[in-house]
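Here is a walk through one chain, written to be read beside its sequence and its model.

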Amino acid sequence: MNINNINNNKIYSFHIRRAIDFTKSNYEESLSLDIISEFLGLNKCYFCNLFKKETGITYSNYVNKIRIEKSKKLLHHTNLSILEVALAVGYNNQNYYNMAFKRLIGTTPLKYRNKLRHVQ
C-alpha cells in the first residue's frame, strides 16, 4: 500500500487522522505505541485495532513506510552516510533501518543509492 493512499483517498476518524498527521510531523522522533496512544488519549490495544481497521496496515508498518519514503529522498538528494540517513528519519539502529528498507523496497539503502547515481 502506498502511504499517499492512507493520507488522501479516504476519510478517517478523528483519532486516525490525528495519528497520521502526528506521525508525518514527528517521524524522525521516537514513535512507540505508548507515545501515540498517550498523545491520542486512547488505550493502546484499541488504537492498534482502530488503525489497522481503518488503514489496512499496522501502525508500526505505517511508521516504517513513512520513514523509508523520507529516507529515499535523503539517499537521492544528499551525501549523508547510510547511518546519518537512518538517524535523520528516526531509526536509532542502522541494521534495523537496512532490514526495514530492504523489506519494503527490495534492496539495501546503499544499493538503492548507487542505482540512482548510475541512472543519472
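What is the mean pLDDT of the chain? The mean is 92, and 92% of the residues reach 70 or more; pLDDT is the predictor's confidence in each residue, from 0 to 100. This is a predicted model, in which local features need pLDDT of at least 70 and side-chain atom pairs count only at pLDDT 80 or more, while totals for chains, interfaces and linings use all residues. Residues are numbered from 1 along each chain as its sequence is written, and side-chain values use heavy atoms, with hydrogens and water left out.

Confidence is lowest in helix α1 (residues 3-8), at a mean of 54, and highest in helix α6 (residues 82-88), at 98. Helices here are DSSP runs of H or I with at least four residues, numbered from the N terminus. Where pLDDT is low, the predicted coordinates should not be read in detail.

Axes are lines fitted to C-alpha atoms, for helices over the stretch in contact, and angles run from 0 to 180 degrees between N-to-C directions. From α2, His15, Arg18, Ala19, Phe22 and Thr23 meet Ile35, Ile36, Phe39 and Leu40 of α3, where contact means heavy atoms within 4.5 Å.

α2 also packs against helix α4 (residues 44-55), at an angle of about 90 degrees and with the axes 10 Å apart. The pair is therefore roughly perpendicular. On the α2 side are His15, Ile16, Ala19 and Ile20; on the α4 side are Phe47, Leu50, Phe51, Glu54 and Thr55.

A further partner of α2 is α5, whose axis comes within 10 Å and crosses at roughly 35 degrees. Ile20, Thr23 and Lys24 of α2 make this contact with Tyr59, Tyr62, Val63 and Ile66 of α5.

Helix α5 (residues 59-77) has 19 residues and reaches 27 Å from its first C-alpha to its last, close to the 27 Å expected at 1.5 Å a residue; the expected span is 1.5 Å times one less than the number of residues. Its buried residues include Tyr59, Tyr62, Val63, Ile66, Ile68 and Lys72. Buried means under 20% relative accessible area, exposed over 50%, and partly exposed in between (1.4 Å probe, protein chains only).

Two residues elsewhere lead back to this stretch of the chain. Ser32, in the loop between α2 and α3, is partly exposed at 27%. Ser32 and Ser60 are 28 residues apart in sequence and 8.1 Å apart in space, C-alpha to C-alpha. Ile105 belongs to helix α7 (residues 94-105) and is partly exposed at 28%. Not counting residues up to four places away in sequence, Ile105 touches Ile68, Lys72 and Tyr112.

Definitions and conventions. Helices (H or I, at least four residues) and strands (E, at least two) are DSSP runs, numbered from the N terminus. Angles under 35 degrees count as roughly parallel, over 145 as roughly antiparallel, 65 to 115 as roughly perpendicular and the rest as oblique.
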